[in-house]
Amino acid sequence: MGLAPLWRLRDRPALPAAAPAEAEPVPAPPVDTPTGNERTRRIAAMGWDELRAAVAECRDCRLCERRKQAVLGVGDVEADWLFVGEGPGVEEDEKGEPFVGQAGKLLDAMLAAIDLRRGRKVYIDNAVKCRPPNNRAPEPDETAACFPYLQRQIGLIRPKLIVALGRPAAETLLNCEIKVGASRGRLHDYRGIPLIVTYHPAYLLRNLADKAKAWEDLCFARRTLKELNDVGG
Ligand code: URA
């Protein structure tokens, strides 16, 4: 019936977004476990300075060819909240910071609506660090090449909650094909960290009717983090 997730092979163990009903739960590896090839293992051992330098110099996929600069991410390196978008656009490529254009203004407004601010317990990141040309979505081989950087950022930040903004971010983190409409409204898991899927701000700028759903998702995210904090004390 085509309802099952379509799995993508990558140099990390596939982590199903939702375990089949009667399957034994598979323990997720700890966030910092180096997996995969030598490059992945090297990146998994990096601190922030090395990571910043490695991303700035990275030439491991074709996106490096047309970038002005790679965009690592911005915010509180001890954030509770990690928001992951798709990839830098033209303004982000120019300024070296994620979400500084129109979509970024909406993201800032979305954050403010739940009493959050860029940089205060919030880290903003992207699935790919270099601008895909002509605002196209990143290709799977590009997100796969960039994934070890995102994975390492998550390992260093150890956020309490991840919000995937749009399909490419969600597919990168969940390692399976998803539709945002079908994936939003429930808790997913990225290696033990709760993950919520919602619409990308750029999509919301074109589809105003879905803003109400994004608002529901943000309220769900805020509730989830509050519950986690209450349990954690
Ligand atoms: N869209 C994204 O997904 N990321 C950015 O940094 C800017 C726009």
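**Ligand site in a predicted model**

In this predicted model, an oxygen atom of the ligand lies 2.7 Å from a polar side-chain atom of H200. Of the 230 Å² of accessible area that the ligand has on its own, the protein covers 91%. The ligand sits in the largest pocket.

Surroundings of the ligand
- The residues that surround the ligand are G85, E86, G87, P88, E92, P98, F99, N126 and H200.
- Sorted by class, this shell around the ligand consists of four polar, three nonpolar and two charged residues.

- A polar backbone atom of G87 is found 3.0 Å from a nitrogen atom of the ligand.
- The side chain of N126 places an N or O atom 2.8 Å from a nitrogen atom of the ligand.

Confidence of the model
- The chain has a mean pLDDT of 88, and 84% of its residues reach 70 or more.
- Over residues 1–30, however, pLDDT stays under 50, although the model has 44 contacts beyond four places in sequence for these residues.

Technical notes
Residues numbered from 1 in each chain as written. Predicted model: local features only at pLDDT ≥ 70, side-chain atom pairs only at ≥ 80, totals over all residues. Heavy atoms only, no water. Near = heavy atom within 4 Å. Polar contact = N/O pair within 3.5 Å; in protein donor to acceptor, adjacent residues only side chain to side chain. Areas by Shrake-Rupley, 256 points an atom, 1.4 Å probe, with all protein chains shown as cover. 1 Å grid on protein atoms, 1.4 Å probe; cavity = no way out; pocket = protein on both sides within 12 Å on 5 of 7 lines; lining within 4 Å. Sits in = over half its atoms within 2 Å of the grid points. Nonpolar A, V, L, I, M, F, W, Y, C, P; charged D, E, K, R; others polar. pLDDT = per-residue confidence, 0-100. Contact = heavy atoms within 4.5 Å.
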